[in-house]
Each structure stands twice: as C-alpha cells, then as structure tokens.
Amino acid sequence: MTKRHVSLPADAEDGVGEFIDYVDERLSSDEDTCRVVRDVLVDLFGDREAYERWQDGGDVSPAERVRLQGYDPCNATLESEYYAEKDEEQFRESKYLQWLWRQFDATPMADNVEFALRFRRMLANHLFADCGDDCRFFKGITFTYGHNIAVGDNVVVHDDVHLDDRGRLTVGDRVSISDGVHVYSHDHDIVDQTEVRNYHTIIEDDARVTYDSMVSAGTRVGPNAVVGARAVVQGDVPAHHIAVGMPAKSVRVKPGWDEVAEPLDAGGENRTEERRIDYDLPDDLDVFDEFGRNLSPPK
C-alpha cells in the first residue's frame with residue numbers, strides 16, 4: 001500500500017513556507033550563525049518578551065536567565081565538543097546548527113510532520129557535508145557532528161536514529177533507516193577505551209536498515225540489501241542480501257535478485273581496516289583520562 005498525499009490548510013502552508021524561507025535565508029547569509037539560532041529558538045519557544053526584558057536590564061529569575069541563555073548555542077556544550085580529534089573550525093559551525101535541530105525537536109512543532117520534515121531538510125542542507133533532494137528526517141535524530149555526513153536523494157531516516165559521524169558516514173540514494181537504528185563510524189580499543197579509531201561507514205543505494213539494528217563502524221551495507229530488525233552488522237552485507245542476527249549474517253537473497261547477487265557465504269567479511277581514517281592530534285593538546293584506570297595486567 002502506498003501513501004496518500006496530505007497537505008496543510010492554505011493559511012498554515014503560507015506560514016510554514018515563509019518561516020522556513022526566512023531561517024534558510026539567514027543561515028545562508030554572512031550573519032553570525034549563533035545569533036540566528038538564538039533568535040529562531042527564542043521565537044519558537046515564545047520567549048521574545050522575556051528575552052527582550054532581560055536584554056533591557058529587567059529582572060529575571062535565575063531559572064529564567066538560564067533558560068534564556070540556553071537559546072544561544074554559544075552558551076551550551078555538547079558531548080562531541082570534548083572529542084580531541086575533531087575539526088575545530090568545522091565543528092564550531094555545525095555545533096550551532098545541531099543545537100537548532102535538537103531544540104527544534106523539543107518544540108510542539110516537531111510533531112507537525114509536514115512542517116517538521118521540511119524544516120529539518122532545510123537544516124540538513126546547511127549541516128551535512130551533502131544532502132540530496134526530497135529527504136525526510138523524522139523526530140529525535142542525533143549526530144556526533146553532522147558535517148561528516150553525506151546523504152543521497154530521497155532518503156528517509158525515522159524516529160530516534162543515531163547517526164555517528166565521528167569518522168565519516170555516507171548514505172546513498174533511496175535508503176530507508178528505521179526507528180531506533182544506530183549507525184557508527186568510530187570504535188574504541190578493547191583495552192584502552194580512550195583510544196578511538198575512526199572509520200568510513202557506508203550504506204549504499206536502496207538499502208534498508210530496519211528497526212533497532214546497529215551498523216558498526218567501518219562496515220558497508222551493499223546496494224538493495226536489508227538489515228533485519230535488531231541485527232548487529234559487524235561485517236559487510238553484500239548487495240541484495242538480507243542479513244539478520246547478532247552478529248548479522250546473510251540468510252537469503254531478495255527474491256528476483258539471485259542471478260546477480262553473491263552467494264550467501266560471501267557475506268560478513270570484515271573490511272573495516274580498509275576504511276579506517278587516521279588522524280593526528282596536536283602535540284600541545286591538553287587531554288585528560290576521565291576513567292583513570294590502571295590498564296596494566298596483574299603480574
């Protein structure tokens with residue numbers, strides 16, 4: 001069964017289009033992104049009067065002050081901000097846009113599908129390394145940075161998906177990523193978890209990654225392949241294969257594709273090291289180990 005077309009009433013459509021164009025134009029200009037994000041969030045949350053009162057020196061409670069300051073992404077920190085190997089210049093901009101994406105999802109408008117999909121698609125054009133046409137991003141999607149993600153045309157990413165681009169993430173055309181999926185592009189050493197390895201993770205054209213599954217860093221889901229619900233992909237999934245389980249294994253080829261697909265025993269090869277992304281850290285970087293563990297085995 002295909003979907004039917006749904007549209008907003010004319011007045012609502014006009015308002016949605018005008019607002020999205022307004023934000024898009026400001027983000028495309030030379031205006032400071034931090035200021036744009038702050039202004040948009042102040043208005044979306046209906047706090048313009050309180051914000052201007054505070055800016056004019058009026059009285060605000062400590063709670064109000066924290067709330068009003070929080071609209072400005074320059075007053076916020078994200079977990080990925082602590083990652084030592086990131087591109088600081090790129091992250092500075094993507095942090096602001098990611099803050100707008102996350103805080104938009106906390107507004108009632110985030111549940112208005114016709115509005116929210118278009119607003120997030122506009123943001124993705126500014127945040128991602130590349131975003132194709134007609135993509136649909138649903139509620140609760142999170143990223144590590146955002147600027148290391150490339151997405152093709154007509155991609156759909158459903159609710160509560162995590163797209164980790166600490167390394168690099170490429171998603172092809174017409175890919176479907178279902179609710180609760182986690183796609184990773186970094187991993188930790190099994191002995192010293194402070195040692196991070198980054199990878200290029202790839203989901204090819206027409207692939208489907210279904211509910212609550214996980215795609216591990218550096219793996220490749222081939223064209224027209226399916227990752228079954230709650231599967232854990234730790235090796236490559238060949239084109240047209242259906243992979244299920246923990247770890248995911250190819251169990252069948254999609255009907256009609258047998259003549260062009262690799263045999264089932266071809267699935268699961270681990271080629272992550274071919275997709276490893278090396279990085280260097282500055283010699284003067286001030287780092288810390290939040291765990292402080294003794295990693296030496298007993299003698």
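## Basis

In this predicted model, local features need pLDDT of at least 70 and side-chain atom pairs count only at pLDDT 80 or more, while totals for chains, interfaces and linings use all residues. Residues are numbered from 1 along each chain as its sequence is written, and side-chain values use heavy atoms, with hydrogens and water left out.

## Strand β7

Strand β7 covers residues 168–171 (strands are DSSP runs of E, at least two residues, numbered from the N terminus).

Strand β4 (residues 149–151) runs parallel to β7, joined by 3 bridges (two strands pair if DSSP finds at least two bridges between them). Here V151 stands opposite V171. Strand β11 (residues 196–203) is also parallel to β7, through 4 bridges, and its T201 is the bridge partner of L169.

## Cavity

The whole structure holds 1 cavity of 30 Å³ or more (a cavity is a set of points on a 1 Å grid over the protein atoms alone where a 1.4 Å probe fits but cannot get out; lining residues have an atom within 4 Å of a point). Grid points are joined across faces, edges and corners, and a volume is the space filled by probe spheres set on the points. The largest cavity has a volume of about 50 Å³. V191, D192, Q193, T194, D289, F291, R293 and L295 line the largest cavity.

## Surface patch

Y279, L281, L285 and V287 make a nonpolar surface patch of about 320 Å² (patch residues have over 30% relative accessible area and no salt bridge, and nonpolar side chains, namely Val, Leu, Ile, Met, Phe, Trp and Tyr, are joined within 5 Å; areas come from the Shrake-Rupley method with a 1.4 Å probe; a salt bridge is a side-chain nitrogen of Lys or Arg within 4 Å of a carboxyl oxygen of Asp or Glu). Y279 is found in the segment after β19 (276–277). Y279 has a relative accessible area of 31% and is partly exposed (between 20% and 50%).

Conventions: Buried means under 20% relative accessible area, exposed over 50%, partly exposed in between (1.4 Å probe, protein chains only). Patches are made of residues with over 30% relative accessible area and no salt bridge: like charges are joined within 9 Å, nonpolar side chains (Val, Leu, Ile, Met, Phe, Trp, Tyr) within 5 Å. On a 1 Å grid over the protein atoms alone, a cavity is a set of points where a 1.4 Å probe fits but cannot get out, and a pocket is an open set with protein on both sides within 12 Å along at least five of seven lines; lining residues have an atom within 4 Å of a point.
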